[in-house]
Amino acid sequence: MRYPKLLCFLTAFLVSTASVVSATELNIYSHRQPFLINPFLEAFTEKTGIKTNVVYSTKGLAQRLKAEGENSPADVILTVDIGRLYIYQDMQLLAPIVSDKMKANIPAHLRSADNTWFGLSKRSRIIVTAKDRVEVGAIKDIEDLADPRWAGKICVRPGSHVYNRALLASIIAAHGLEKAEAWATGLVANLARRPQGNDRAQVKAIYEGQCDIAIINNYYFGKLKYAEDTNQQKWAQALNLVFPNQGADGRGAHVNISGGGVALHSKNKAAAVQLLEFLTDAEAQTLYSEINFEYPANPKVPHTAELQSWGRFVEDQLPILRIAELSRDAQKIIDRVGW
Amino acid sequence: MQAARRSFDIWSASVFTIALILFAPVISLIALSFGDSDGLWAHLFDTVLARYILTTLALMVGVSVVTLVFGVTTAWIVAAFKFRFSRVLDMIILLPIACPAYLVAYAYTDFFEYAGPVQGMLRNLFGWQSPRDYYFPEIRSLGGAVFVLSSVLYPYVYLLARTAFRQIPASFYEVSSIYDRNAFWTISLPLARPAIVAGLALVGMEVVSDFGTVEFFSLQTLTLGIFNVWIGMNNITAAAQIAIFTFIFIIFLLFTELYSRSQKRFNDTSSRQRNQQSKLLTGAPALVCICLCLVPVLFGFFIPTGILLWNVLQSIDVLVFADVFEVFQNTLLVSCLGAGIIMLISVLVACTSQMQGGKILRLAGNLSATGYAFPGTMLAIGVLVCVGLFDRLMVAVMSPFGVFHLSGTLVVLLFAYLVRFQAVGYGAVVSGLTKISPNVILCSRTLGMNAQNTMRRVTVPLIRNSIIAGGVLAFVDIMKELPMTLLLRPFDFETLATYSYQYAHDELMEQASLPALLIVLVGLIPVIFLNRMLRNTS
C-alpha cells in the first residue's frame with residue numbers, strides 16, 4: 001500500500017465518528033423529524049446538562065436496533081403511532097421502565113402493561129368539512145363518511161398510512177371485521193379522488209374546492225392556522241372541525257399516541273428514564289401542545305387555550321394496544337377495498 | 001511464470017473476498033426471507049399482488065418508451081449533426097441526471113396539482129369554479145410518474161447511445177448511402193442497440209427500486225408493497241420475500257445489460273477507421289433540432305429547478321443558511337469518500353476478474369454489483385444485519401485486546417453506498433476494459449511485467465476516463481441517495497437529502513427547497529466535468 005499514513009488517518013477518522021458512550025450523553029432513535037423534537041431536547045439539556053444525539057428515520061429503526069443488538073449505541077426510542085411502539089415491544093427491543101413518576105403521569109390505557117413504553121402525547125383523527133359547503137351537524141360520526149350521500153365529496157390519504165390503518169383498527173374494535181370492511185368500502189366509494197398526499201394536502205384540496213370533507217390529524221389544523229405561509233392560513237380558515245362520535249352513546253373520537261421507551265441494551269438507562277420522565281412532566285407536556293398542537297398524555301396538564309378553542313371532546317377509551325393488535329386485519333381490509 | 005501464477009491467486013482471492021463481503025447484505029435478505037410469512041401470500045395473491053405487479057410493469061414500460069424516445073432522439077441529433085449551440089446542448093441534455101426523481105416529483109406536484117399555481121391560473125383565466133368544470137391531467141398518477149421518472153432518467157440512455165453513435169465508422173454510412181437506405185434505421189440504431197439496451201436496463205432498475213416517487217404519487221408498485229407488508233402487517237419476512245422476487249426480476253435486467261455490453265467488443269473501431277463527420281445544419285432544420293433537444297431538458301431540469309428556486313426566493317427569510325452549510329459539507333464528504341472507495345474496489349474487482357479470471361471469478365465480480373437491484377431501505381436492513389454480526393464477532397474474538405464497534409459509525413454508511421452503487425463503478429470500468437485490446441495486456445506481460453504492474457502501468461491509465469466517469473456517476477448517485485442514508489447514518493449526521501426530506505416529508509416545500517436545489521447544483525459540477533472529458537476523448 002502506497003499511502004499507509006492516509007489509510008490510518010481515514011480509519012481513525014471514520015471510527016471516531018462512533019458516538020462515544022459517556023454518562024452525559026443520550027443517543028436517541030427518533031421517528032419524529034428533528035425540527036419537531038429539538039425544542040424538547042434543548043429544554044432537557046438546559047435543565048440536566050445531558051447532551052442528546054439523534055438519528056431520525058421514518059422506517060427501519062427497529063430493525064437497526066435489533067441488528068445492532070447488545071452493541072447498539074441507542075438509549076431512547078421516540079416514535080409516533082402506537083403501531084410502531086408495538087413493533088419495538090413485539091421484537092423485545094425495550095427495557096422495562098421503573099419509574100413511579102411516569103406511572104403517575106401517564107394513565108394505564110396509554111402505556112404498556114409491562115412498562116416498556118409510555119405514551120407521551122395524544123392526537124385525534126378528526127373530520128374537517130368545508131365551511132361554505134357542508135352545514136354544521138350534517139356529519140357527526142366517523143361512520144357517516146360511508147353514507148352514499150357524500151359520494152364524490154371526500155378526500156383522504158392512502159389507507160396504508162399508519163394514521164388511517166389505526167383509524168380503521170379502531171372501527172374494527174367497535175363494530176367487528178365485517179362492518180368495518182363495509183364502512184371502508186363505502187368510504188372508498190365516496191372519494192373525490194384517488195387517495196394521495198398527506199393530511200395537509202387534503203385540507204388544501206378542500207380549500208380549492210376539489211372535495212368537501214377530509215379526515216386529518218387534529219394538529220394539522222393548528223399547523224396550518226399558524227403557518228408562516230399566509231396561503232396555508234387561508235386553508236385553515238375554510239374549515240369546520242368535527243370531533244366524531246361525540247353523541248350520548250358515542251364511543252368518542254379515535255386517538256393515537258406518540259410515545260417512547262428505553263432501548264433494552266442502553267448503557268445509560270438512568271439518564272434515558274430521566275429524559276422520558278421529563279417528557280411526561282408539565283413543562284414538556286405543554287410544549288407538545290404549543291409546538292405541535294397535540295394533546296398532553298398527562299391528564300393533570302390542562303389543555304392550552306388554543307386547543308380548548310377547537311372544542312372539547314370525548315376520547316375513545318379503547319386500550320391503545322388494541323389498535324396495534326388489529327393493525328394487520330386493518331391492512332388486509334385496506335388491501336381488499338383498494339383504499 | 002511461477003511468480004505470475006502465485007500473484008494471480010492472491011488477487012483472485014481478494015476479489016472473491018470482496019465479492020463475498022459485498023454480496024453479504026443480499027445473503028442476509030435472502031436468509032430473512034426464509035422465515036415464516038404467516039400465510040400472507042394467500043392474502044396478497046387474492047388482493048393486491050396482481051395490482052403491484054401490473055403497476056410496476058406499466059411504469060417500467062412507460063418509462064422505457066419515453067426515455068427511449070427522449071434519449072435516442074437527442075443522442076442522434078447531437079451525434080449526427082452540427083449546428084449553432086450544438087456543443088452547449090450536448091452538455092445541457094445531461095443536466096437532469098443531477099436531479100433526484102423524488103424531489104422533481106415534489107416540485108411538479110406543487111406546481112401542477114389542482115391546488116397548484118398552474119391550475120389556479122387557468123381557473124382564474126377561464127372562470128372555472130370546481131374540478132368538474134374542466135379536465136386537467138392528474139399529476140399524482142401513473143402517467144405523472146412516467147413523466148417525472150422519464151424526465152430525469154433519460155440521460156442514462158442518452159449518454160450511452162451518444163457514445164455508440166459516435167463510434168460507428170463512416171464507411172458503414174457510405175455503404176448505406178450507396179444502397180439508398182435510411183442510415184438511422186439500418187446502421188445507427190442496430191449498431192447502437194447494445195448501448196441503448198444497457199441504458200434502458202439501468203433505467204429499469206432505477207424504476208423498480210424507486211420508492212420516493214411512487215410513495216408520493218401513491219402508486220401501488222412492488223416496492224410500495226414491500227413497505228405495506230413490512231410496516232403495515234409487521235411482517236418483514238413476507239416483505240423480504242417480495243424484495244427477493246423483485247430482485248430476481250431485476251437481476252434478469254442486469255444480465256441483459258452485461259450481456260449487451262459484452263457484445264460491444266465486436267464493434268470496436270481500429271485506429272485506421274474514420275468516424276462519421278457531423279452534418280452541418282443551419283436555418284429552420286437547426287432550429288427544429290435545438291427545440292427537440294430542449295424539450296426533455298426543460299421537463300427534467302429547467303422547470304423543476306425553476307420551481308425549487310422560486311420556492312427558495314419566496315421563503316428566503318425562513319431559511320437558516322448556516323445549518324445548510326454544515327449539511328452541505330457532510331454531503332460532500334460522504335459523496336467523495338464513497339465514490340473514491342467504490343472506484344478503488346471497482347477497478348480491483350473488474351480488472352482482476354475480467355482480465356485474468358475464469359468464469360467463476362467473473363460471476364463473483366458480477367455478483368458484487370447486484371446491490372443496485374434492491375430498494376434502498378431493504379438493502380440497508382441487509383447491511384445492518386451484516387454489521388451487527390461483525391460487531392458481535394468482534395466482541396467475541398477481540399475483547400481481550402480492546403473492542404470498537406462499527407454500528408453507528410460512518411463506516412456503515414460508506415459500506416452501504418459501496419454495496420448499492422458498486423454496479424455503477426463496476427459497469428463503467430468493465431465497459432472501459434472491453435475497449436482495450438487483449439494484445440496490449442499480453443504485450444506488457446511478454447515484456448516482463450507481472451500482473452500487478454501491468455494493471456498499474458497499462459490497464460488503469462488506459463481506462464482512466466472510464467474510471468473518472470464511473471466515479472462521477474457514483475458521486476452524483478450518493479449525493480441523491482435518501483433511504484439508506486436516512487436509516488444508517490451516525491447520530492446528528494445530516495446530508496442534503498435527509499435534511500431536505502424531513503421537511504418534504506411533511507409537504508413543507510419552502511423549507512425543503514434550498515437543500516434540494518443544492519443537491520442539484522453540486523451534482524451539476526461533476527456532470528459538466530464528465531461531459532467535457534468524454535467529448536475530448538471522442
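Student: What conventions apply here?
Tutor: Residues are numbered from 1 along each chain as its sequence is written, and chains are lettered from A and ligands numbered from 1 in the order in which they are written. The model is predicted, so local features need pLDDT of at least 70 and side-chain atom pairs count only at pLDDT 80 or more, while totals for chains, interfaces and linings use all residues.

Student: What makes a run of residues in chain A a helix or a strand, and how many are there?
Tutor: Helices (H or I, at least four residues) and strands (E, at least two) are DSSP runs, numbered from the N terminus. By that criterion chain A comes to 15 helices and ten strands, and chain B has 23 helices and two strands.

Student: How do you know whether chain B is as compact as a globular protein of its length?
Tutor: The radius of gyration is taken over C-alpha atoms, and the globule rule is 2.2 Å times the number of residues to the power 0.38. For the 538 residues of chain B the rule gives 24 Å and the model has 24 Å, so chain B is as compact as a globular protein of that length. Along the principal axes its C-alpha atoms fill a box of roughly 85 × 75 × 50 Å.

Student: What does the rule give for chain A?
Tutor: A compact globule of 339 residues would have a radius of gyration near 20 Å; chain A has 22 Å, which agrees. The C-alpha trace of chain A spans about 75 × 50 × 45 Å along its principal axes.

Student: Why is A:Glu68 called buried?
Tutor: A residue is buried if 20 or more other C-beta atoms lie within 10 Å of its own, exposed if 12 or fewer, and partly exposed in between, with C-beta atoms placed from the backbone. A:Glu68 has 25 C-beta neighbours inside 10 Å, so it counts as buried. A:Glu68 lies in helix H3 (residues 61-68) of chain A.

Student: What is A:Glu68 in contact with, leaving aside its neighbours within four places in sequence?
Tutor: Two residues are in contact if their C-beta atoms, placed from the backbone, lie within 7 Å. On that test A:Glu68 is in contact with B:Gly388 and B:Ser407.

Student: Which elements of chain B touch chain A, and what kinds of residue are there?
Tutor: The contact takes 46 residues from chain B and 50 residues from chain A. On the side of chain B, helices H11 (222-232), H16 (376-398), H17 and H21 (483-488) give two or more residues, and H16(B) gives the most, with ten. The residues of that side divide into 22 nonpolar, 16 polar and eight charged. Here Ala, Val, Leu, Ile, Met, Phe, Trp, Tyr, Cys and Pro count as nonpolar, Asp, Glu, Lys and Arg as charged, and the others, Gly among them, as polar.

Student: How do you know that the span of H17(B) agrees with its length?
Tutor: The expected span of a helix is 1.5 Å times one less than its number of residues. For the 24 residues of H17(B) (residues 410-433) that should be 34 Å, and the end C-alpha atoms are 32 Å apart, which agrees.

Student: Where is the kink in H17(B)?
Tutor: The kink is centred on B:Phe421 and comes to about 55°. The bend at a residue is the angle between axes fitted to the seven residues ending there and the seven starting there.

Student: What makes H17(B) mostly covered?
Tutor: The count does: 23 of its 24 residues are buried. H20(B) is also mostly covered, with 14 of its 17 residues buried.

Student: Is A:Phe293 buried or exposed, and what is its phi?
Tutor: With 23 other C-beta atoms within 10 Å, A:Phe293 is buried. Its phi is near 60°, a positive value in a residue other than glycine. A:Phe293 is placed in the loop between helix H12 (282-292) and strand E10 (295-296) of chain A.

Student: Why is B:Phe85 called partly exposed?
Tutor: B:Phe85 has 13 other C-beta atoms within 10 Å, so it is partly exposed. B:Phe85 has a positive phi of about 70° although it is not a glycine, and is found in the loop between strand E1 (81-82) and helix H4 (86-92) of chain B.
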